[in-house]
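Please look at the structure first.

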Amino acid sequence: MELTDEQAAIRDAVREFAVEEIRPTEPAADRAQTFPESVWDGLAELDLTGLTTPVEYGGFDADRLTYSVVNEAVAYGGLSVATALSVHCLATSCIAQFGSDEQKDRWLPEMAATGRPVGAFALSEPHAGSNPAEMSTVARRDGDEYVLDGQKQWITNGERSGVVIVFARTDPDDPGSITQFLVPKETEGLSVGEKESKLGLRASDTTPLTFDGVRIPAENRLTEEGRGLAAALSILTGGRIGIASQAVGLAQAALDEAIEYAGEREQFDRPIGEFQTIRHKIADMQTNVQASRLLTRDAAAREDRGEDPTMAASMAKYFASEAAVDVCNEAVQIHGGYGYVTEFDVERFYRDAKITTIYEGTSEIQKKVIARELLGEP
Ligand SMILES: Cc1cc2nc3c(=O)[nH]c(=O)nc-3n(C[C@H](O)[C@H](O)[C@H](O)COP(=O)(O)OP(=O)(O)OC[C@H]3O[C@@H](n4cnc5c(N)ncnc54)[C@H](O)[C@@H]3O)c2cc1C
């Protein structure tokens with residue numbers, strides 16, 4: 001789990017970018033619910049939009065520990081940006097792992113070098129979240145094409161994206177027929193619904209996507225028919241390590257703000273950081289952040305060693321996300337009334353933290369996975 005000198009240098013460079021370029025854009029982006037596109041270009045200049053893309057397609061081809069360190073550092077600046085980046089990386093990973101040589105040549109170099117087209121990953125549906133096998137989007141084979149009909153829900157980068165990885169059943173009655181497709185956003189019949197108005201993560205666009213007779217060439221199928229769900233779940237195991245890393249970065253940011261405020265704010269003629277209750281809160285927060293980081297890096301290191309990271313990834317995602325909610329809550333408490341207003345970043349951190357316990361598998365689903373690894377299926 002020790003970082004190499006190179007990994008530490010990458011972390012420091014990304015952290016600097018996060019503090020100087022991402023964090024200052026977040027309050028306005030949060031208020032306006034718009035993504036800070038100039039930050040995206042900056043991420044591309046740092047090669048981060050090609051983080052998981054193979055070197056031969058111009059990417060960084062990061063191992064999972066490096067991926068984790070980068071996600072933590074980006075989220076230290078802002079969770080909305082970190083989320084958009086990690087979803088883009090899910091899309092590029094799908095193309096890199098499952099795409100044909102032609103598809104990789106067509107999409108990956110630009111997606112890595114410029115971050116455009118932005119990628120999206122469309123698995124969830126209005127009636128299929130924790131159990132994606134219940135999805136009803138259908139891809140019907142018609143000669144050399146597939147025709148997609150259905151609706152996807154909660155799609156990050158839904159509006160900004162130019163290419164969408166879509167999961168659909170090739171047989172409407174068979175949940176075992178789920179297959180993965182690549183759909184260029186401009187394809188006729190694909191429409192973007194209204195942006196969700198969210199509690200937090202407001203700079204990241206989340207939209208429904210509707211597929212109404214969307215015709216794509218058969219070669220845009222990324223997996224064999226019926227192999228899509230397994231592909232999604234394997235990609236999401238790495239994704240969960242990314243979300244855990246983001247929870248660590250966000251919690252660290254909240255802790256740092258709380259420490260600074262505890263040293264500055266005076267009541268009863270003393271800095272509040274001299275009161276034992278505040279000191280104990282800070283101690284608990286630090287312990288939670290470091291425990292989250294160690295669990296997360298352990299999961300990443302296991303994947304890098306070639307071990308099955310499933311249980312470790314779920315433990316990291318479950319623990320780090322719940323810890324981030326607790327840490328951000330305490331950061332608000334330490335700020336008192338000032339923690340409840342938008343002038344201070346901890347207000348936004350508190351709203352942002354909650355999503356880490358929900359997307360890419362809720363905490364309940366992570367516990368289901370951990371228990372299944374230990375006890376088998378009930
Ligand atoms: C901001 C945001 C961004 C997102 N981005 C994307 C994206 O880019 N792509 C994408 O495909 N999806 C995305 N999602 C969807 C997200 O992954 C789902 O919301 C999540 O998986 C939960 O599904 P659900 O909302 O349908 O909740 P449900 O599955 O309906 O769950 C409701 C509750 O029941 C619990 N529950 C469900 N099943 C069980 C069980 N077996 N045991 C115990 N408890 C259970 C859940 O834990 C939860 O508490 C995003 C969601 C949000 C809010």
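In strand S7, Thr-210 is the bridge partner of Gln-151. This is a predicted model, in which local features need pLDDT of at least 70 and side-chain atom pairs count only at pLDDT 80 or more, while totals for chains, interfaces and linings use all residues. Residues are numbered from 1 along each chain as its sequence is written. Helices (H or I, at least four residues) and strands (E, at least two) are DSSP runs, numbered from the N terminus.

**Strand pairing**
- S3 and S7 (residues 206-217) pair in the antiparallel sense over 10 bridges; two strands pair if DSSP finds at least two bridges between them.
- S7 also runs antiparallel to strand S6 (residues 190-192), with 3 bridges joining the two.
- Leu-190 stands opposite Phe-211 in S7.

**Ligand shell**
- The ligand is surrounded by 22 residues, the closest being Gly-129, Ser-130, Thr-156, Thr-362 and Glu-364; a residue counts as near a molecule or strand if its C-beta atom, placed from the backbone, lies within 6 Å of it.
- Strand S1 (118-122), strand S3 (145-156) and helix H11 (363-375) each supply at least two residues of this shell.
- By residue class, the shell divides into 11 nonpolar, 7 polar and 4 charged residues; Ala, Val, Leu, Ile, Met, Phe, Trp, Tyr, Cys and Pro count as nonpolar, Asp, Glu, Lys and Arg as charged, and the others, Gly among them, as polar.
- The shell lies between domain 2 (120-225) and domain 3 (229-375), because both give residues to it.

**Domains**
- The domain assignment gives domain 1 (5-118), domain 2 (120-225) and domain 3 (229-375); such bounds come from an automatic or database domain assignment.
- The centres of domain 1 and domain 3, taken over C-alpha atoms, are separated by 21 Å.
- Contacts link 21 residues of domain 1 with 22 residues of domain 3, where contact means that the C-beta atoms of two residues, placed from the backbone, lie within 7 Å.
- On the side of domain 1 that touches domain 3, helix H2 (26-32), helix H4 (64-77) and helix H5 (79-98) each supply at least two residues.
- H4 gives the largest share of that side of domain 1, with 10 residues.
- The residues of that side of domain 1 comprise 12 nonpolar, 4 polar and 5 charged.

**Helix H9**
- H9 (residues 310-334) has 25 residues and reaches 36 Å from its first C-alpha to its last, close to the 36 Å expected at 1.5 Å a residue; the expected span is 1.5 Å times one less than the number of residues.
- Of the 25 residues of H9, 19 are buried, so the helix is mostly covered; buried means 20 or more other C-beta atoms within 10 Å of the residue's own, exposed 12 or fewer, and partly exposed in between, with C-beta atoms placed from the backbone.
- Gly-336 follows H9 and has a positive phi, near 55 degrees.

**Backbone details**
- The peptide bond from Arg-116 to Pro-117 is cis, with omega near 0 degrees, and Pro-117 is in the loop between helix H6 (101-113) and S1.
- Gln-33, a residue other than glycine, has a positive phi near 55 degrees and is in the loop between H2 and helix H3 (37-45).
- Gln-33 counts as partly exposed because it has 17 C-beta neighbours inside 10 Å.
- Phe-268 is not a glycine, yet its phi is positive at about 55 degrees; Phe-268 lies in the loop between strand S8 (266-267) and strand S9 (270-271).
- Phe-268 has 8 C-beta neighbours inside 10 Å and therefore counts as exposed.
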